[in-house]
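Here are my notes on the model you passed along. Have it open beside you while you read.

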Amino acid sequence: MNRLFAVALCGAFAQAEQSHVITLTDENFDKMIKSHPYDNHWFVKFYAPWDHHSKDLAPTWENFAELWADKVNVGEVNCTEQWNLCKRMKIKGYPSLYFFALGEPLEHFYDYHGARMIDDFVHYSVWEEYKG
């Protein structure tokens, strides 16, 4: 039984290490959105770990990031830990999805209200030509 637990625990750590979702904080948010080494747009999820809608979205968000990391930067902000950042971004519900277009000022983001499936995220952030 202990051996099985150890194997499961190692698998959980390995899965966590393979995440393609970039954790954003109050300290790194502005710099990452403005000057991340990838020349791509950003799609950012603002969430609370206790919120059931945030929990439901988590696997889809991770899969989206894994499949499309070379085309769009996929990030997330834990609002229970980064409440100053979430307050600054005027987060009113969880999860909130914001799209930041490459080269646009941080204040010019798009509050995504579409469907929450991978194909919808791709259509919105990757295939649609950005029109400012």
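The points below go through a strand, its partners, a disulfide and the aromatic rings.

1. First, a caveat: what we have here is a predicted model. Please read every distance and angle below with that in mind.

2. What does β3 pair with? Strand β2 (residues 41-47) runs parallel to β3 and is joined to it by 7 bridges. In that pairing, tyrosine 47 stands opposite asparagine 78. To get from β2 to β3 the chain passes through helix α3, residues 52-68, and this β-α-β crossover is right-handed. Strand β1 (residues 22-23) is also parallel to β3, with 2 bridges between them; here threonine 23 faces glutamate 76.

3. Tyrosine 47 has another contact to look at. The charged end of lysine 45 sits over the tyrosine 47 ring, 4.8 Å from the ring centre.

4. On to the sulfurs: searching the whole structure turns up 1 disulfide. It joins cysteine 79 to cysteine 86, with an S to S distance of 2.1 Å. The angle about the S-S bond is -85 degrees, and the link is left-handed. Buried or exposed, cysteine 79 and cysteine 86? Cysteine 79 has 4% relative accessibility, so it counts as buried. Cysteine 86 is buried too, at 5%.

5. Now the rings. The whole-structure search gives 20 aromatic pairs. Take tyrosine 112 and tyrosine 124: their ring centres are 4.7 Å apart and the planes meet at 65 degrees, so this pair is edge-to-face. The two come from distant parts of the chain, 12 residues apart, with tyrosine 112 in strand β5 (residues 109-112) and tyrosine 124 in helix α5 (residues 118-127).

6. How accessible is each partner? Tyrosine 112 has a relative accessible area of 5%, which makes it buried, whereas tyrosine 124 is partly exposed at 29%.

7. That pair belongs to a bigger picture. Ring pairs link Phe43, Trp61, Phe64, Phe99, Tyr110, Tyr112, Phe121 and Tyr124 into a cluster. If you colour one set of side chains, I'd pick these.

Conventions
Residues are numbered from 1 along each chain as its sequence is written. This is a predicted model: local features need pLDDT of at least 70, side-chain atom pairs count only at pLDDT 80 or more; totals for chains, interfaces and linings use all residues. Side-chain values use heavy atoms; hydrogens and water are left out. Two strands pair if DSSP finds at least two bridges between them. Helices (H or I, at least four residues) and strands (E, at least two) are DSSP runs, numbered from the N terminus. A crossover is right-handed if, with the strands pointing away from the viewer, the path from the first strand over the helix to the second runs clockwise. A disulfide is a pair of cysteine sulfur atoms within 2.5 Å. Buried means under 20% relative accessible area, exposed over 50%, partly exposed in between (1.4 Å probe, protein chains only). Rings of Phe, Tyr and Trp (its six-membered ring) pair if their centres lie within 6.5 Å; planes under 30 degrees apart count as stacked, over 60 as edge-to-face and the rest as tilted. A charge sits over a ring if NZ of Lys or CZ of Arg is within 6 Å of the ring centre and within 35 degrees of the ring normal.
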